[in-house]
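Work through these exercises with the model open. Take each step in turn.

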Amino acid sequence: MSKIPTSDALRRRNMVGVEGLCSICGDDLELVEHLFTTCWVAMLVWNHICNWTRVQRFFAFSFRDLIEVHEHVGLKGKAKKVFQGIIFLRCWVIWRARNKLKFEGKQVKIEEVISEIKSIGFLWVRSRAKLSSLSWTDWCKYEIV
Ligand SMILES: [Zn+2]
């Protein structure tokens, strides 16, 4: 995870002019753990994903917790595999939102992050997860069979 060029990672590599604080909240160092687990954006998006997938809320203390959480949420089969994909997609979308804020000045909006996760996730499950018959309605209800 140290290869992700967070502000803190760049500061530790002696990048000039980088403070190392979270680009989104500015409240903590921009570590991978902070950006994807404890930053307010990560937590709000996580809450939404738990509600959407009907998975009990789980507090991730580390990035490793996040990438292993699909094993411990009670999902089975495709629903479990898709949930794992949603976690990876969530990190990617948060990273993109962080970069749009940092480099384009575009404010992070939770609704847009969630919308992007759902829409890209839908395209992904229909094309890559052998769920081509899944409807948007079932996807929004997380009815994965
Ligand atoms: Zn933050």
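**Exercise 1.** Is Cys39 buried or exposed?

*Solution.* This is a predicted model. Step one: read the relative accessibility of Cys39, which is 1%. Step two: compare it with the cut-off, since buried means under 20%. Cys39 therefore counts as buried.

**Exercise 2.** Which residues coordinate the zinc ion, and what is the geometry of its site?

*Solution.* Step one: list the donors. They are Cys22 (SG), Cys25 (SG), His34 (NE2) and Cys39 (SG), at 2.1 to 2.3 Å. The spacing is C-x2-C-x8-H-x4-C. Step three: check the angles. The four donor atoms give 100 to 119 degrees. Four donors count as tetrahedral if all angles lie between 85 and 135 degrees, and the zinc site is tetrahedral. Step four: check burial. His34 is buried at 7%, and Cys22 is buried at 4%.

**Exercise 3.** How are the rings of Trp52 and Trp139 arranged?

*Solution.* Step one: count the aromatic pairs. The structure holds eight. Step two: take Trp52 and Trp139. Their ring centres are 5.0 Å apart and their planes are at 85 degrees, so the pair is edge-to-face. Step three: locate them. Trp52 is in helix H3 and Trp139 in helix H7, 87 residues apart. Both are buried.

Terms used
Residues are numbered from 1 along each chain as its sequence is written. This is a predicted model: local features need pLDDT of at least 70, side-chain atom pairs count only at pLDDT 80 or more; totals for chains, interfaces and linings use all residues. Side-chain values use heavy atoms; hydrogens and water are left out. Donors are N, O and S atoms within 2.8 Å of the metal (3.2 Å for Na, K and Ca); water is not among the atoms, so sites may look incomplete. Four donors count as tetrahedral if all angles lie between 85 and 135 degrees; four count as square planar and six as octahedral if opposite donors are over 155 degrees apart and all others between 65 and 115; anything else is irregular. Buried means under 20% relative accessible area, exposed over 50%, partly exposed in between (1.4 Å probe, protein chains only). Rings of Phe, Tyr and Trp (its six-membered ring) pair if their centres lie within 6.5 Å; planes under 30 degrees apart count as stacked, over 60 as edge-to-face and the rest as tilted. Helices (H or I, at least four residues) and strands (E, at least two) are DSSP runs, numbered from the N terminus.
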